[in-house]
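Please read these notes with the model open beside you.

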Amino acid sequence: MATTHKTRMLIIGSGPAGLTAAIYGARAGLQPIVVQGLQPGGQLTITTDVENYPGFRDAIQGPWLVQEMQAQAEHVGTRMIWDTITEVDLSGPPFRATGDSGDVYEADVLIISTGAQAKWLGVEGEQELSGKGVSACATCDGFFFRGKKVVVIGGGNTAVEEALYLTNHSTDVTLIHRRDSLRAERILQERLLAHPNITLLWNKAVERFAGEGVLQRIELVDTVTGERVEEPTDGAFVAIGHAPATELFKGKLELDENGYIVVEPGTPKTAIPGVFACGDVMDHTYRQAVTAAGTGCMAALDAERFLAEHDFAAKHAHAAQ
């Protein structure tokens, strides 16, 4: 039988952004509910060594980090619910969300932290060697390939930026693109082409990632001639973009041309008062666990202020009657 859950603060998504929002919301006495979604914990759950999250001298495991965040959120009063939201009504407050379970969630403020997923090529060996040489985040994993040969796959801004970033760690970076020209902004292209440590492979499509337990080579096909070649490498970074999880909000919130939720610059505030967005669902630039956590904090603090102002106005309106 379906249940209606009522809370002052509803959080959709349970990665670093959502869990940080929950910690702050719970500490403010708002008794938040976090609906965990299809991938509880977000992208950290598929991240192995994490060396760039502040406070840990040695590398930690992504799943462990997100488990600790969840435990902290629950410890201070957050309620975690394993459900997937399939419909939202943003005409509130109260805002309403309906889960795949049939349960309904009502809240005075809504925080959206549904995240984004890296786009993958979908070729053989990609998932099997993920975390074993294949990655979708150079700023996350580039450090592990210091002094090694690496390749970046893609032709847009993301691919060029990742290739340039990797030159901080490697003197042998190859950009592989399936066409004969890049889509990236002109200034980025100029920096890439001028860099002495970056080589370009044009008109090459990845057919297979291969290696014995770890990535050792990439099998390519020439998109013009059909010729097949192999490129030896220690690391491969798939950089063909990210897809924000915003299908629920199409037609209900303003989205940018790439599908990310539009917020007031410098804040997590959407165009609807009382609805906030944080983490990778609104951030197509940084996409780091620590920045997601930061925007989760901002969302909770702004939500708390919104509720305080709303409660004050309602109290005085009632007293004036």
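1. Charged pairs overall. A search of the whole structure finds 14 salt bridges. A salt bridge here is a side-chain nitrogen of Lys or Arg within 4 Å of a carboxyl oxygen of Asp or Glu. Side chains of opposite charge can pair when their charged atoms come close.

2. Basis of the values. This is a predicted model; local features need pLDDT of at least 70, side-chain atom pairs count only at pLDDT 80 or more, and totals for chains, interfaces and linings use all residues. Residues are numbered from 1 along each chain as its sequence is written, and side-chain values use heavy atoms, with hydrogens and water left out.

3. Asp108 and Arg8. These two form a salt bridge, with the closest N and O atoms 2.9 Å apart. Asp108 sits in strand β8 (residues 104-112) and Arg8 in strand β1 (residues 4-12), so the pair ties together parts 100 residues apart in sequence. Helices (H or I, at least four residues) and strands (E, at least two) are DSSP runs, numbered from the N terminus. Asp108 is partly exposed at 26% relative accessibility. Arg8 is partly exposed too, at 28%. The cut-offs are under 20% relative accessible area for buried and over 50% for exposed, with partly exposed in between (1.4 Å probe, protein chains only).

4. Glu124 and Arg208. Their salt bridge has its closest N and O atoms 3.2 Å apart. Glu124 lies in the loop between β9 (116-118) and β10 (134-135), and Arg208 in strand β14 (residues 204-210), so the pair ties together parts 84 residues apart in sequence. Arg208 is partly exposed, with a relative accessible area of 26%.

5. Lys149 and Asp172. Here the closest N and O atoms of the salt bridge are 3.6 Å apart. The pair links distant parts of the chain: Lys149 is in strand β11 (residues 149-153) and Asp172 in strand β12 (residues 172-176), 23 residues apart. Is Lys149 buried or exposed? Lys149 counts as buried, at 18% relative accessibility. Asp172 is partly exposed, at 32%.

6. A charged network. Salt bridges also link Lys6, Arg96 and Glu106 in a network.

7. Helix α1. This helix covers residues 16-27, 12 residues in total. From first C-alpha to last it reaches 16 Å, close to the 16 Å expected at 1.5 Å a residue. That expected span is 1.5 Å times one less than the number of residues. Of its 12 residues, 10 are buried. Among them are Pro16, Leu19, Ala22 and Ile23. Just after α1, Gly29 takes a positive phi of about 80°.

8. Ala73. This residue lies in helix α2 (residues 62-75). Ala73 is buried, with a relative accessible area of 0%. Leaving aside neighbours within four places in sequence, Ala73 is in contact (heavy atoms within 4.5 Å) with Leu19, Ala22, Ile23 and Thr78. Leu19, Ala22 and Ile23 are among the buried residues of α1.

9. How many cavities of 30 Å³ or more does a search of the whole structure find? The search finds 1. About 30 Å³ of space lies in the largest cavity. Its lining includes Ala118, Lys119, Glu162, His242 and Arg287. By class, the lining has 4 nonpolar, 3 polar and 3 charged residues.

Notes: On a 1 Å grid over the protein atoms alone, a cavity is a set of points where a 1.4 Å probe fits but cannot get out, and a pocket is an open set with protein on both sides within 12 Å along at least five of seven lines; lining residues have an atom within 4 Å of a point. Grid points are joined across faces, edges and corners, and a volume is the space filled by probe spheres set on the points. Ala, Val, Leu, Ile, Met, Phe, Trp, Tyr, Cys and Pro count as nonpolar, Asp, Glu, Lys and Arg as charged, and the others, Gly among them, as polar.
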